[in-house]
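Subject: Structure for you to look at, with notes

Dear colleague,

I am passing on a structure that I would like you to look through when you have time.

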Amino acid sequence: MSPAAGQNHSPGARQYVLTWVALLVLLLVAVGTAYIPLGVVNVGLNLGIAVVKALLVMVVFMHLGISRPVVRLAAVAGFFWLALLFILTLAEYVTR
Amino acid sequence: MAPDAVVPDAPQFEDGEQRRSAATLGMWVFLATEVLFFGVLFGGYAVIRLLNYDAFVVGSHHTDVVLGTVNTAVLLTSSLTMALAVRGAGLGQRRDTTRWLVLTLLLGLAFLGIKGVEYYQEYQDALVPVLAFRYQGPHAQGVLLFFYLYFVMTGLHALHLIIGVAVVGAMVVRNRRGHFGPEYYIPVELTGLYWHFVDVVWIFLYPLFYLVARV
């Protein structure tokens, strides 16, 4: 959906509060599961929950969900280069 | 009663909407550089953790998970109040905006206070590299690396938050002076983007330092 050129793009307060509740629930899930021995799954859960929380903040609070494509592209660009950094660096260490 | 927003002159833009779009895009480009700025540290963390996993388990056990979790909740809540401040500014609700901005500022200060308490505890436990590090247990070298990363990354994050608190303070003053209204609130909006970005950085720092292996 393309954003409307209206006065106010901000989502409703209700959506913000729901997002905040979701973030706190995810935080509790992260702490809770950290105390359950799951092996490698623990790391996956930790990082997976962090990614979901970061996406919630960026899509809702930072308005990426209603931003123009060029703004989304700028947001993705930073993480794209970061991904290259991680892939090329870890490719060496992980395969030693 | 309240004066209209003082819209700084910017003849290069067709209209307010184009101006907002340009400002938002510029802010996101800056944030992309910030992603890479913090990103190299996260990359370094990944490599050092791969090579010293056992030491990271030990190091993580020496962090205060209760204070760290409370602080995460504080920062997530400050993002809510910041989002509501930006919304209020866009709707021209000046008083509400001031209130949300002040609340955001106080939550930011609360985060910094709690972080300071943690730093002090770690100083007393002699876990601060360079200043006072006397950990002699197993994996001492790796634990030293863990705490180097811990202080550099959380310290850099805290520095960003201090800047954020200062900028939010400036927004409170400008909002009270009536600089913003529905037709112009770009500075509040960009402050919000910065604030949420600092929150996103912490969202990743939290599990990497506090939750490495709690069992």
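This is a predicted model: local features need pLDDT of at least 70, side-chain atom pairs count only at pLDDT 80 or more; totals for chains, interfaces and linings use all residues.

Residues are numbered from 1 along each chain as its sequence is written, chains are lettered from A and ligands numbered from 1 in the order in which they are written, and side-chain values use heavy atoms, with hydrogens and water left out.

**The two chains**

Chain A has 3 helices and 0 strands, and along the sequence its pattern is α-α-α; here helices (H or I, at least four residues) and strands (E, at least two) are DSSP runs, numbered from the N terminus. Of its 96 residues, 32% count as buried, where buried means under 20% relative accessible area, exposed means over 50%, and partly exposed lies in between, with a 1.4 Å probe and protein chains only. Chain A exposes about 5,600 Å², of which carbon and sulfur atoms supply 78%; accessible areas come from the Shrake-Rupley method with a 1.4 Å probe, and for residues only the protein chains shown count as cover. Among the contacts in chain A between residues at least 6 apart in sequence, 58% join residues at least 24 apart, a contact being heavy atoms within 4.5 Å.

Chain B contains 6 helices and 2 strands, which run α-α-α-α-β-β-α-α from the N terminus on. Its C-alpha trace spans about 65 × 30 × 30 Å along the principal axes, and buried residues make up 56% of its 215 residues. Of the contacts in chain B with a separation of 6 or more, 82% come from residues 24 or more positions apart.

**Helix contacts**

Two packed helices are described by the angle between their axes and the distance between the axes. Within chain A, the axes of helix 1 (residues 13-34) and helix 2 (residues 40-61) come within 10 Å and cross at roughly 170°, the axes being lines fitted to C-alpha atoms, for helices over the stretch in contact, with angles running from 0 to 180 degrees between N-to-C directions. Helix 1 of chain A is therefore roughly antiparallel to helix 2 of chain A, a term for angles over 145 degrees. The residues in this contact include W20(A) and L27(A) of helix 1 and I49(A) and L56(A) of helix 2. By class, the contact has 16 nonpolar, 5 polar and 1 charged residues; Ala, Val, Leu, Ile, Met, Phe, Trp, Tyr, Cys and Pro count as nonpolar, Asp, Glu, Lys and Arg as charged, and the others, Gly among them, as polar.

Between the chains, the axes of helix 2 of chain A and helix 6 of chain B come within 9 Å and cross at roughly 170°, which makes helix 2 of chain A roughly antiparallel to helix 6 of chain B. Among the residues that make this contact are A50(A), A54(A) and M58(A) of helix 2 of chain A, and H196(B), V200(B) and F204(B) of helix 6 of chain B. The contact has 12 nonpolar, 2 polar and 2 charged residues.

**Helices 5 and 6 of chain B**

Of the 25 residues of helix 6 of chain B, 24 are buried, so this helix is largely enclosed by the rest of the structure. Helix 5 (residues 140-176) of chain B has 37 residues and reaches 53 Å from its first C-alpha to its last, close to the 54 Å expected at 1.5 Å a residue, where the expected span is 1.5 Å times one less than the number of residues. Helix 5 of chain B also holds T154(B), which is buried with a relative accessible area of 1% and touches, among others, Y119(B), W202(B) and F209(B).

**Two histidines with positive phi**

H63(A) has a positive phi of about 65° although it is not a glycine; it is found in the loop between helix 2 and helix 3 (69-94) of chain A and is buried, with a relative accessible area of 10%. H139(B), also not a glycine, has a positive phi of about 60° and lies in the loop between strand 2 (132-133) and helix 5 of chain B, where H139(B) is partly exposed at a relative accessible area of 40%.

With best wishes

Notes. Angles under 35 degrees count as roughly parallel, over 145 as roughly antiparallel, 65 to 115 as roughly perpendicular and the rest as oblique. Lists of a residue's contacts leave out its neighbours within four places in sequence.
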